[in-house]
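Here's a quick tour of what holds together inside this fold. Have a look at the model first, then we'll go through its core, its rings and its charged pairs.

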Amino acid sequence: MASSSSLLVPPLCSASPKILSANRRVISTEKVNGLVLQCSNMDLRVRAASTREHRDDKGFIKRRDMVGLAFGFSSLLMQTLNAGGAGLPPEEKAKLCDETCEKELENVPMVTTETGLQYKDIKVGVGPSPPVGFQVAANYVAMVPSGQIFDSSLEKRQIYIFRVGSGQVIKGLDEGILSMKVGGKRRLYIPGQLAFPKGLSSAPGRPRVAPSSPVIFDVSLEYIPGLEVEEE
């Protein structure tokens, strides 16, 4: 009976049918099924140390797991942001014709010239038209037919000044501006033969323009240096 009951006795305590005499090492006694359980300071110290070690191991594992989880979550978050960033549309660029303008432009009649240049007036100016050879100050947004911008004076934050009709720019831009008035805005649909014969290479944020391919220019004629002074 004693041997079978001993299976219930904690391994760090000794069992006896009688109460053993107290000594300095005995700190507690307890009767279980007629047996007296006796534990010493040493037993409890060993047991407590074992428990602390077990808890420390668990704590270490938990801390390690938490660090690993945090690191994994951070990596996943960065990957998600990068993947999301790759799928986001490019930063909205300044335009001469916004969404409202685009809708209104659908109802504006298209004008086609003898060279094949086509244009729609976004806004008709009220100032003078530039004579051939005069300098003009203009803003422009250049696009491929898909609408992707490959050049823009607005992005550069600098008005473009050139001598109109002198071959300093592509033929379609020269022709399109010559018939504009100061203060006007126009969309030019420039055919390949009036655009870039050699094309333009691609660059970060800028699409490639194939040789002699059609392009679109939104242009605003800001002023004609010198001409306004003469008129005053």
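In this predicted model, the largest nonpolar core has 28 residues. I177, I190, F217 and V219 are the ones with the most contacts inside that core. Two of these names, I190 and F217, also touch each other.

**The nonpolar cores**

- What does I190 touch, leaving out residues up to four places away in sequence? The list is L117, I170, G172, L173, A195, P214, V215 and F217.

**Aromatic rings**

- There are five aromatic pairs in the structure.
- One of them is F150 with F217, an edge-to-face pair with 6.3 Å from centre to centre and 80 degrees between the planes.
- F150 sits in strand β7 (residues 149–152) and F217 in strand β10 (residues 215–223), so this pair ties together parts that are 67 residues apart in sequence.
- Zooming out, F150 and F217 belong to one aromatic cluster along with Y140, Y160, F162 and F196.

**R186, with a ring and a charge**

- The charged end of R186 sits over the ring of Y119, 3.8 Å from the ring's centre.
- R186 also meets D121 in a salt bridge, at 2.7 Å from N to O.
- R186 counts as buried at 4% relative accessibility, while D121 is partly exposed at 25%.

**Other salt bridges**

- How many salt bridges turn up across the whole structure? The search finds four.
- E102 pairs with R187, and their closest N and O atoms are 2.7 Å apart.
- That pair links distant parts of the chain: E102 is in helix α3 (residues 99–105) and R187 in strand β9, 85 residues apart.
- E102 is partly exposed, at 31% relative accessibility, whereas R187 is buried, at 8%.
- K156 and D151 form a salt bridge as well, 3.1 Å from N to O; K156 is exposed at 53% and D151 partly exposed at 25%.
- Through shared partners, salt bridges join E102, R187 and D218 into one network.

Definitions and conventions: Residues are numbered from 1 along each chain as its sequence is written. This is a predicted model: local features need pLDDT of at least 70, side-chain atom pairs count only at pLDDT 80 or more; totals for chains, interfaces and linings use all residues. Side-chain values use heavy atoms; hydrogens and water are left out. Rings of Phe, Tyr and Trp (its six-membered ring) pair if their centres lie within 6.5 Å; planes under 30 degrees apart count as stacked, over 60 as edge-to-face and the rest as tilted. Helices (H or I, at least four residues) and strands (E, at least two) are DSSP runs, numbered from the N terminus. A charge sits over a ring if NZ of Lys or CZ of Arg is within 6 Å of the ring centre and within 35 degrees of the ring normal. A nonpolar core is a set of buried Ala, Val, Leu, Ile, Met, Phe, Trp, Tyr and Cys residues joined through side-chain atoms within 4.5 Å. Buried means under 20% relative accessible area, exposed over 50%, partly exposed in between (1.4 Å probe, protein chains only). Contact means heavy atoms within 4.5 Å. A salt bridge is a side-chain nitrogen of Lys or Arg within 4 Å of a carboxyl oxygen of Asp or Glu.
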